[in-house]
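Please read them with the structure open.

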Amino acid sequence: MSFDWSSFCEIARELASRAPATQHAEAAWRSGTSRAYFSAYNAARQYLADFEPTWRPPKADSHVDLFRFIESLGAHARLHRKVATDLRRLRVRRNAADYDPHAHAQTEADDSVTSAENVRRLVEDLREKRGG
Amino acid sequence: MNSAALQGVLQRISFFLALIAGGSGAHASPAWPGSGSVDDQPPSLPFAATTPAGDLHAEIAALTNTGRELRFARSALTLIRDEPNDVFARYVSVLAQVLEKHGDVHSTTDLGGALAVARVEFMAETHDEASALALTRLACAEILGLGAEIERIGHRDILPLLAKDERLRSRVRDAEVELARYFGEDARLTLGARVDHDEGDEYLLLRVHTALSAPDAFARRDAFDENWWLERAGSSDGLIIDFERV
């Protein structure tokens, strides 16, 4: 049985809600931002595996190539573009969470989780439209 | 921004453009707008009455890397320019000399080079690194005609990315106008260069800094996407637009 990536989103929500005064709060928020991104990214990747099974990224495991491919899809073009656009935004926040030493606010984690949930809903919409 | 402040910014943009146009050395450097004029009063500032100009240098230094320097510098330097040490006038003088030495400045690459040299020469004269940084960013944003604050200027930073692509510069300016429609005329915008650590891609990040609630901010961003950005995002890999709640 394949892993359910939505559980990343649930964990991300828990991490994002860590109270500011608690130990390692910012580490929790950063981890929440990162898990939120991967929850959305893997939902999109699984969607492509199910509906575009012949597609392979030009560079192995390139996330950016996956965004480009999704936004190039003709059917349900606006939905696909919205998914790709929001994934790019989530990736910016995830990169900041995992690499940028400047402060990472709790709102960043909260908004990443909200955005990831939105992407997951959009991907579900696409699955329904394509009969999945 | 009130009309007096807007007029001041427009005058400063014209000033820098005039500096570039006269960069061959054949023309005298234009006067800084409002210098010596009692009619061009700086915009009123909350700290104007209590913050001596000397302390502003320390405050600028304390704000390094927070992304707030440029806005702060815009205001602080309005005050500093009237002080006896006149850091602002010194920088403008250095920049004018550098542009004259450079000859014509036709591209943002040339401009980036001129600004970098001016920064080094200003620092050599004044040993004031914080002011040099803030002033360089101020000059950069105003010369490019951007409303967004420039986050940093450096070797792998905004100028090389903007220099590559006039379409991208135009897209940033158009996006600034559209974002103001959805997030308000007074919304603070910042523009920074980023490198994707895992994949190496370079891109610009244009952000709206907003105090809106999450539902409101998401609703406005989604409306911006639906009505404007999604038609363009696919052909603009080099630009990502988002909000940051503060």
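Predicted model: local features only at pLDDT ≥ 70, side-chain atom pairs only at ≥ 80, totals over all residues.

1. Across the interface of chain A and chain B, 20 residue pairs are in polar contact, both residues at pLDDT 80 or more. On chain A, α3 (63-72), α4 (77-99) and α5 (106-129) each supply at least two residues of the side that touches chain B. The most comes from α4(A), with 13 residues.

2. Look at the residue classes. The side of chain A that touches chain B has 16 charged residues, 9 polar and 3 nonpolar.

3. Now the salt bridges. The rule finds 13 of them across the interface of chain A and chain B. One of them joins the side chains of A:R91 and B:E199, at 4.0 Å from N to O. The cut-off for a salt bridge is within 4 Å.

4. Next, the extent of the contact. Chain A contributes 28 residues and chain B 27 residues. About 2,500 Å² is buried between the two chains, and 38% of this lies on carbon and sulfur atoms. Of the area that chain A buries against chain B, 26% comes from A:R78, A:R89 and A:V92, more than from any other three residues.

5. Last, a helix of chain A. Helix α2 (residues 25-51) has 27 residues. From first C-alpha to last, α2(A) reaches 39 Å, close to the 39 Å expected at 1.5 Å a residue. Why is α2(A) described as largely enclosed by the rest of the structure? Because 19 of its 27 residues are buried. Buried here means under 20% relative accessible area.

Methods
Residues numbered from 1 in each chain as written. Chains lettered and ligands numbered in written order. Heavy atoms only, no water. Helix = DSSP H or I, 4+ residues; strand = E, 2+ residues; numbered from the N terminus. Expected span 1.5 Å × (residues − 1). Buried < 20%, exposed > 50% of the residue type's maximum accessible area, 1.4 Å probe, protein only. Contact = heavy atoms within 4.5 Å. Buried area = accessible area lost by both parts, 1.4 Å probe. Polar contact = N/O pair within 3.5 Å; in protein donor to acceptor, adjacent residues only side chain to side chain. Nonpolar A, V, L, I, M, F, W, Y, C, P; charged D, E, K, R; others polar.
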